[in-house]
Amino acid sequence: MSTLTLLPPVVVVLVTALLVAVLPRKPGHALGALVPALAVPWSLSVPAGTHLQTSFLGFQAAFLNVDEFSRLMGLIFGIIGTVAVLYSYASKAESLQTAFALSYVATSFGAVFAGDWLSLIFFWELMAVTSTLLVWHYRGAAVRAGFRYALLHGIGGTLLMAAILQHYVAQGTFLFTGDGITAGLPAALAAVGIGVNVGFIGLHAWLPDTYPRPHIAASVFLCVFTTKTGVYGMYRAFPDGHVAIAYMGGGMAVFGAMFALFQNDMRRLLSYHIQSQVGYMVAGVGIGTTLAQAGAFAHVYNHILYKALLFMTAGVVIYRTGNENLKKLGGLAREMPITAVAFTVAALSIAGFPGFNGFVSKGIVIAGAHYDFAAGPLTLGTDRTTLEWLLLLGGVGTFMSFIKFGYYAFFHGEYDGTVKDANRGQTVAMVAVAVLCVAYGLLPGTLFSILPFDVTSESVVSHVYVTYTVDHIVEGLALAIAGLIGFYATKKPLSKLGRVPDVDSLYNPAVFYGMRVLVVGVTDLYAAVDRAVVRGTAVTTRVVSEPNTVVRRLQDTAGNDDSLAYPLRAGIGFSILVLAVFVALALIALS
């Protein structure tokens, strides 16, 4: 056994989280940034295979499973964990908050390196707990959002647990076999349970509800781990894909981009775009081919980089101005040039503009939808599938959203007042991630080398993917032009638009008042039963203790004034005789 397999990252990072909570702020954050960084060489070097196998509660378990999928997740989790801790320190986050964040990182490591369903669901639920604590730590409005967050993820985890138990009944093991979750009801429950984490349409509202609430540094952690671990879990459950999952991913790409366009709160806009971009990953997993799945995990990797960068830039704007609403900003590019450039890199990356990392990974998923996905009718008489059109439409919406963000925050008008740019620590964090976004965009082979499948090999994928072809570049530029035209066509009506309700506008009040009715109903029913029992007990006691009085009252009520012919009270001797007779009869019956 290699020494690298003795202590998986979950253990080391959890211990680090405890130390960060008690150490002074500066050395604590230094340690907190160093340890996730060590996960990068560890992920690249640890031997593939299943390690740390044991028996837990009589079931086989494997706490460390290393393959090309988990290796990629560990690599990017380590990179962004280090950057996020540095950003937290620079953004004046408390040590306890960073400790909660690192415990969240640790449990995410545990989930992606789990070798069986039992271990995965264990760390999956711990992720929900640690991320909830991270949200709650900021207090205020984050507390109620955290309760809603915890409730939804508790429901999702319960459904996934039910699927795993049914899978065990069918397969007789919790270990990963490479075949995914058992088909039928277990697969349906798993899809919905994991769908909460990845933001399926209708199960997504926790994203824009929760992520804008906590500290700006907490949002950088939150935007990374839950949804991307969900994509990893979706692959484990459906390694061969599923048409319904593919179409759900396409729908998420469009729905999230559309609702992001309606937002004026910066972090709420970015949260909807998490759903949209995760839609590309889910679509890739749903298509189920090597090309599409390689694209899905390439997009996981790239999305973590540019989405963290977007939340960092938005956080700097909030940190310096105190405003989250785009309508109250403007002209910040002159005051905050470093932040503006970092935002521009992240925006072009998420939109899939040529030369940036999103163009590379998004293109692989779209190619998978084009070459490998035959389900559904062709659209508009072209050779593009319906799913491909959904992904392209989501791309147009993404350009429109980030043109809006940049226009109102950085380039339109003039900011009323003087404001500083990002501080040194924030600048280092943002520039480091921005460089990676550009590097993976200009040197796609660097990204291809860490993907689970080699997209450049004819023996591995159905269609060899070449990033910079004329068709791909034209497609990327066409989406950008369509987004630019779309934004200017809708700018005026969007500026007059108020808050557009989402599904949580229906189920939040329904759950609140439904629970209120339930609690009041149960309380009133209990009180009524309690009163009835007390009254019944009082009557019974009165009848037993004063039978003659009770009988006389009944006679008076009936209008009968006759006195009692026989007394109803018995002497002690007669009572003992009756008791002895009953005991004797009972003993005879039992014998």
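**Close-up A. R236 is buried, with a relative accessible area of 12%.** Buried here is under 20% relative accessible area, exposed is over 50%, and partly exposed lies in between (1.4 Å probe, protein chains only). The side chain of R236 forms a salt bridge with that of D67, at 2.6 Å from N to O. This pair joins distant parts of the chain, with R236 in helix α9 and D67 in the loop between β2 (59–66) and α3, 169 residues apart. A salt bridge is a side-chain nitrogen of Lys or Arg within 4 Å of a carboxyl oxygen of Asp or Glu. Helices (H or I, at least four residues) and strands (E, at least two) are DSSP runs, numbered from the N terminus. The model is predicted: local features need pLDDT of at least 70 and side-chain atom pairs count only at pLDDT 80 or more, while totals for chains, interfaces and linings use all residues. Residues are numbered from 1 along each chain as its sequence is written, and side-chain values use heavy atoms, with hydrogens and water left out.

**Close-up B. The side chains of E324 and R267 form a salt bridge at 2.9 Å, N to O.** R267 is buried at 3% relative accessible area, whereas E324 is partly exposed at 22%.

**Close-up C. R148, D209 and R213 are linked in a network of salt bridges.** Within this group, the side chains of D209 and R213 meet at 3.4 Å, N to O. D209 is buried, with a relative accessibility of 6%; R213 is partly exposed, at 30%. Five salt bridges are found in the whole structure.

**Close-up D. K228, in helix α9 (residues 216–237), is buried and has no salt bridge.** The nearest side chain of opposite charge is that of D502, 17 Å away; Lys and Arg count as positive, Asp and Glu as negative, and His and the chain ends are not counted. The K228 side chain does reach the backbone oxygen of C223, at 2.9 Å. Apart from neighbours within four places in sequence, K228 is in contact (heavy atoms within 4.5 Å) with M73, C223, I274, V278, M281, V300, H303 and I304.

**Close-up E. L6, L7, V11, V12, V15, L19, V22 and L23 make up a nonpolar surface patch.** Together these residues have about 660 Å² of accessible area, computed by the Shrake-Rupley method with a 1.4 Å probe, and for residues only the protein chains shown count as cover. Patches consist of residues with over 30% relative accessible area and no salt bridge; nonpolar side chains (Val, Leu, Ile, Met, Phe, Trp, Tyr) are joined within 5 Å and like charges within 9 Å. L23 is partly exposed, at 33% relative accessible area.

**Close-up F. L52 has a positive phi of about 55° although this residue is not a glycine.** L52 belongs to strand β1 (residues 49–56) and is partly exposed, at 23% relative accessibility.

**Close-up G. K92, likewise not a glycine, has a positive phi near 65°.** K92 is in the loop between α3 (68–90) and α4 (95–112). The relative accessible area of K92 is 55%, which means that K92 is exposed.

Definitions and conventions: Polar contact = N/O pair within 3.5 Å; in protein donor to acceptor, adjacent residues only side chain to side chain.
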